[in-house]
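This report describes one chain of a model and the side of it that touches a partner chain. Look at the overall fold before reading on.

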Amino acid sequence: MIKKEDVRHIAKLARLGISISEEVGLQKDLSSVLDYVNLLNKVDVSDVEPTYHPMAKFFKKNIIREDIGEDQQIADDLIKLMPQIEERHTKVKSILN
Amino acid sequence: MDLTKLNIKEAHKGLKNKDFSAFELAIAYLDKIEKEDDRINAFLSVDREGALGQAREADKRILSGNMTALTGIPTAIKDNILVKGLKNTCGSKILENYIAPYSATVIEKLKEEGVIILGKTNMDEFAMGSSTENSAFGVTKNPHDLERVPGGSSGGSAAAVTTDFCCFALGSDTGGSIRQPASFCGVVGLKPTYGAVSRYGLTAFASSFDQIGILTKSVEDSQIVFETISGLDSKDSTSAEVRPPQSCGGRTSANLKNLRIGIPKEYFEGDFETKKTIQESLKLLQNQGAKLIDISLPNTKYALPAYYIIAPSEASANLSRYDGIKFGLSEEGEDLLDGYLKTKEKGFGDEVKRRIMIGTYALSSGYYDAYYLRAQKVRTLIKADFDKAFEKVDIIITPTTPTSAFKIGEKMDPLSMYLSDIFTVSVNLAGLPAISIPVGSTEAKLPIGLQIIGKPFEENKILNIAKIYNNI
């Protein structure tokens, strides 16, 4: 069983707010999932390379394109989605006090 | 004639012969949704006005004589695939009011053909789930039994196709999210090879697994839509144009004779509900001359645990963008950090929080090697199992799911819900294409699906074999 402090620490790393009652539920659920995935410890992976891309052999080279601007309108549409806008900037709380 | 009963091919014929117009076809579906979706809850939003506008355009195109196989055909889109101007909630409170500023590449491709977009379908929040019970906007009911789930996460799309609320639907499949609901609802569900269909405009869940796919009433329909939406896209660097030789293209039952079907023993161990029906289906194929070859995918039992490390890890990174700064729900905090915490606490549901926590844990200092890296290595072994098997077989057949649709509220424990993906996740770990087709039903008249798995980019082969099966 993972500890409550661990749950709080992970939530902090994830920048995720959780209530006291959620903390209890997550402690139980995380423990049971981690117990289950511990099955992976039975596999011998000593000489095995990890797979990050399942179809890597079809992608032998990096995919790049010319750095040319395309649709200007999309930028304005994306800016409109920001919760707090000032001119063309998103407004956030101050970071340094 | 009930126009909503038609599949793509039939509707196309009717439109071409001017038996009915695209406008009449769209109205038939929209009216049916309005009248009947209260009891199913397949749709999160319906765009009546937009759909009718598109139908008028389609009618003009049909009159001018340059229609294609999909012109005027009504579709429903899972609510994590962007359609410009429509809401894209992903089944989440955090995106409840998010309007898509652009369309996904698959949508652009469908619109070019003159497809009619009726609306957006329900799903487990951010596609995390196997029942649609994790939607922030209520569960979708299985049309075969309203007390049961339609499967998930593309449950809304599967239920919409089953109930004739649309001619076909798009979904996404990260660990089984198209095939499992297709199986539970009794429709055809295709999950293409990783990279075969552009993911531009698909809201990211787990980027090395996510793939857009198709839910249809027939295999032919699936092929028509796949041909339209697949291919390289400059906006998705993981998309590919791979056209392998189609050794099975044009196969008929007469030459199923040399087809080698791999039957992995790990998928038939013990007794489970769907086993007998799948074995009977295999007999049918054998009677047509196909060879059933016993194979082993020895690392199968590690697929689900590996998936439930890697997918949440990728999700925890992808979902960090929902911080209330750039778009979506934004809760006021005392300072910047407090705003993040409050936005996510209020915006995300339980399962999403759970997966973010699992993923963050697996990626955190001190645990990265033991969990994430180890799982990625196990993924290599699972993929190697398939590579080896495909040296001696053309396709692999398994049940799509061990059981038929379960009851709403039956699987409250997260782990028991995860286990419903047991026969579908390996395919995502290996990036392979697979299709689920309905092959029978239980005594309670609940559908059972059979899964055909192919080699990379051999969608046409598995589609052709599924077609032959249906013609037996």
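Chain B has 15 helices and 11 strands; helices (H or I, at least four residues) and strands (E, at least two) are DSSP runs, numbered from the N terminus. This is a predicted model, in which local features need pLDDT of at least 70, side-chain atom pairs count only at pLDDT 80 or more, and totals for chains, interfaces and linings use all residues. Residues are numbered from 1 along each chain as its sequence is written, while chains are lettered from A and ligands numbered from 1 in the order in which they are written.

Of the residues of chain B, 61% count as buried (20 or more other C-beta atoms within 10 Å of a residue's own, with C-beta atoms placed from the backbone).

Helix 5 (residues 155-162) of chain B is largely enclosed by the rest of the structure, because eight of its eight residues are buried. After helix 5 comes D164(B), with a positive phi near 60 degrees.

In chain B, 54 residues are in contact with 41 residues of chain A (C-beta atoms, placed from the backbone, within 7 Å). Helix 12 of chain B gives the most to this side, with 11 residues. The table sorts the side by class.

| Class on the side of chain B that touches chain A | Number |
|---|---|
| Nonpolar (Ala, Val, Leu, Ile, Met, Phe, Trp, Tyr, Cys, Pro) | 29 residues |
| Polar (the others, Gly among them) | 14 residues |

Terms used. Buried ≥ 20, exposed ≤ 12 C-beta atoms within 10 Å, placed from the backbone. Contact = placed C-beta atoms within 7 Å.
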